[in-house]
Amino acid sequence: MFVDTMKSFYDSNGYLVVEGLFGEEELGPIRRRTDEIVECPESAPEGVSIGREGDTVGDKSGPQARSKTIRGTAFLARFDPVFQDFARHPKMLAIVRGLLGAHIKLFRDQMLLKPPGGQAKPLHQDQSYFRVQPQDGLVTAWCALDDATLENGCMCYVPGSQKYGIFDVTKDPERPVHHIPDTRDIDLNEPVQCPVPAGSVIFHHGCTLHNSKTNDTETWRRAVILHYTTKTAASETERLNREVSLEID
Ligand SMILES: O=C(O)CCC(=O)C(=O)O
């Protein structure tokens with residue numbers, strides 16, 4: 001499945017779109033489990049964390065902060081067998097190994113479940129949060145459970161931005177969890193919107209700048225986000241090394 005042109009595109013651009021990697025049959029179990037968790041967050045295994053739309057808002061007194069709609073999860077692949085099988089799917093691992101090398105682990109996992117009207121994710125680098133060394137040792141697999149479109153907040157990448165390493169950041173005053181990279185001195189390429197059908201996976205380098213817009217539709221835009229690293233890579237933030245999602249090799 002892995003072909004050399006995939007690696008050369010990824011090396012130049014910092015991302016790689018693989019349309020239709022998974023079919024309906026493979027998506028079925030993970031979609032059903034996601035629906036159960038959105039419907040009943042208490043059914044998630046212990047240790048899974050659930051994020052709500054209002055959690056990231058700095059102003060805790062405003063109406064936005066009261067939104068309890070589920071926006072995301074962390075650690076489903078660490079604790080839930082359906083997500084573990086997905087993260088270990090041979091088609092997924094073949095591509096991740098093609099990008100990272102033979103020995104890998106799932107460093108962390110999350111879901112981003114953009115509800116109707118769901119907020120934008122501002123431009124950022126995953127490595128700004130994970131600080132994994134070596135810096136090239138982290139690949140994120142962003143897996144679309146629904147068609148991701150220009151209207152519902154598909155992923156958008158700045159080609160080649162991984163070559164600048166980790167940018168200094170400031171905190172977004174409205175949503176302090178967001179790291180806003182300081183790219184003032186850099187002549188970045190034009191961002192590329194990447195609409196993809198459900199079942200597609202976009203692989204991106206940990207230093208590639210990316211964002212997604214608001215979901216301006218009436219339906220959810222759900223994604224499983226799997227952050228793989230080389231087996232021996234480790235974060236500068238020791239706590240993260242104690243929370244690795246899955247050993248694979
Ligand atoms: O799913 C999204 O809208 C954004 C996900 C993201 O930024 C990430 O995977 O780092």
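Predicted model: local features only at pLDDT ≥ 70, side-chain atom pairs only at ≥ 80, totals over all residues.
Q: Which elements give two or more residues to the shell around the ligand?
A: The ligand is surrounded by L112, K114, K121, D126, T140, W142, G153, H210, S212, A223 and I225. The elements giving two or more residues to this shell are β4 (104-114), β7 (138-144), β13 (210-212) and β14 (221-230).

Q: How do the residues of the shell around the ligand divide into nonpolar, polar and charged?
A: The shell includes W142, K121 and S212. Its residues divide into three charged, four polar and four nonpolar.

Q: Which are the edge strands of the four-stranded open sheet?
A: The sheet has the order β5-β13-β8-β11, with antiparallel pairing. An edge strand here pairs on one side only. That applies to β5 (121-124) and β11 (192-194).

Q: What is the bridge partner of M155 in β11?
A: Strand β8 covers residues 155-157. Strands β8 and β11 pair in the antiparallel sense over three bridges. Within β11, M155 has as its bridge partner C194.

Q: What radius of gyration does the protein have, and why does it agree with a compact globule?
A: The C-alpha trace spans about 50 × 45 × 35 Å along its principal axes. For 249 residues, a compact globule would have a radius of gyration near 18 Å, so the protein's value agrees with this: 17 Å.

Q: Among contacts between residues at least 6 apart in sequence, what percentage join residues at least 24 apart?
A: The protein's secondary structure comes to seven helices and 16 strands. Among its contacts between residues at least 6 apart in sequence, the share joining residues at least 24 apart is 84%.

Terms used: Residues numbered from 1 in each chain as written. Near = placed C-beta within 6 Å. Nonpolar A, V, L, I, M, F, W, Y, C, P; charged D, E, K, R; others polar. Pairing = 2+ DSSP bridges. Rg over C-alpha atoms; globule rule 2.2 N^0.38 Å. Contact = placed C-beta atoms within 7 Å.
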